[in-house]
Amino acid sequence: MQSRGSSHRLSSMGNRSRIPTLVISMFATFASIYVAGRLWQDSQNRVYLIKELDRITGQGQSAISVDDTLKIIACREQHKKLDALETELAAAGQEGFVSKPLVETNGTYSPIRPLVVIGILTKFGRQKNRDAIRKAWMGSGAALKKIEDGKGIIVRFVIGRSENRGDNLDKDIDRENRLTNDFLILDNHVETNDGFPKKGKLFFAHAADRWDAEFYAKVNDDVYVNIDALGATLATHLDKPRLYMGCMKSGEVFSELNHKWYEPEWWKFGDKKSYFRHASGEMYVVSRALAKFISINRSILRTYAHDDVSVGSWFIGLDVKHVDEAKFCCSSWSTGAICAGV
């Protein structure tokens, strides 16, 4: 019994002794692989550094500094990342993904971006106005496409839907759009007499979602625009990321119910009843950042009786560059005017 128990204990001790031995062997194997890998990586770095050292010393320098060594290593890592990115781009191209065209600006490349999207806010029953604008400055068909491609200026008529959805008013707009293809139709906006400010807000929101342009301009459908003058003026303001430009004014807030410019919430504008600074509603421009701000906050931005006052109110408290440009005063007929009311 004793010998049998002794042999059982010896067998158990042998089994326990083999387990740590196995663990130690596995650890030693992994450690050897890790060390070998690091040595291989270090040897590769040394080979690269030796080559760089030979190149530098061949140019008359006796040694390579620590800073130069770090720069060489960092440069090599960047090359690895670029190689990996090129591989990923090639794989994406094979799957049908195509990158946007690029344009070089001061040595760097960025996607080509339209200069401005112009939204002409129009209404039902004003096709004659739209046709006059097409003939005067907007163009249609190939001419409209040429303005987009050549000048980076996108122009669309902006309109909502009828209160009686699908009626003849809607059908007339759809029919006209099939012929001209120059509408931005706001399907979630109902055309009403007092809905103009909301339509202006939705134009900026939808235009910013659809086109990634530098600027966005709102125009009435009784205003003629000098496209070349507009493009030249906006090109001088590309360095202002939060631009709000137009014919700036303040003016009186009218509390009389029968007045043309009656403001139902006149009492919100202080005891003197004077509006804050804002651009005249015939035509004004906001930059990409401000248009995206409107898009993101469209559900909480307050609209007043007039679209120009509403837009001006949204930028109070923001770090916005207000630019009072006389060329945007459409009724002035000044030299070099960008717009003219008719």
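**Notebook: pockets, cores and one histidine**

I first looked up the lining of the second largest pocket by class, and I counted six nonpolar, one polar and six charged residues there, where Ala, Val, Leu, Ile, Met, Phe, Trp, Tyr, Cys and Pro count as nonpolar, Asp, Glu, Lys and Arg as charged, and the others, Gly among them, as polar. I note that this is a predicted model, in which local features need pLDDT of at least 70 and side-chain atom pairs count only at pLDDT 80 or more, while totals for chains, interfaces and linings use all residues. Residues are numbered from 1 along each chain as its sequence is written, and side-chain values use heavy atoms, with hydrogens and water left out.

I then took the volume of this second pocket, about 270 Å³, a volume being the space filled by probe spheres set on grid points joined across faces, edges and corners. A pocket here is an open set of points on a 1 Å grid over the protein atoms alone, where a 1.4 Å probe fits, with protein on both sides within 12 Å along at least five of seven lines, and lining residues have an atom within 4 Å of a point. Of its 13 lining residues, Ile112, Arg113, Pro114, Leu115 and Gly152 lie nearest the centre. Helix 4 (142-151) gives the largest share, three residues; helices (H or I, at least four residues) and strands (E, at least two) are DSSP runs numbered from the N terminus.

Next I turned to the largest pocket, which holds about 990 Å³ of space. I found 35 residues in its lining, with Phe196, Trp261, Ala305, His306 and Asp307 nearest its centre. Strand 5, helix 6 (196-210), strand 9 (278-287) and helix 9 (307-314) each give two or more residues to this lining, and strand 9 gives the most, with four.

I also looked up His189, which lies in strand 5 (residues 183-190). His189 counts as buried because its relative accessible area is 7%, the cut-off for buried being under 20% (1.4 Å probe, protein chains only). Leaving out residues up to four places away in sequence, I list its contacts as Gly160, Arg161, Gly195, Lys198, Lys199 and Leu202, contact meaning heavy atoms within 4.5 Å.

Of its 37 residues, Val116, Ile118, Ile120, Trp137, Leu230 and Met283 touch the most other members. Another core lies apart from it, with 28 residues that include Val117, Leu184, Ala213 and Ala279.

How values were computed: Buried means under 20% relative accessible area, exposed over 50%, partly exposed in between (1.4 Å probe, protein chains only). A nonpolar core is a set of buried Ala, Val, Leu, Ile, Met, Phe, Trp, Tyr and Cys residues joined through side-chain atoms within 4.5 Å.
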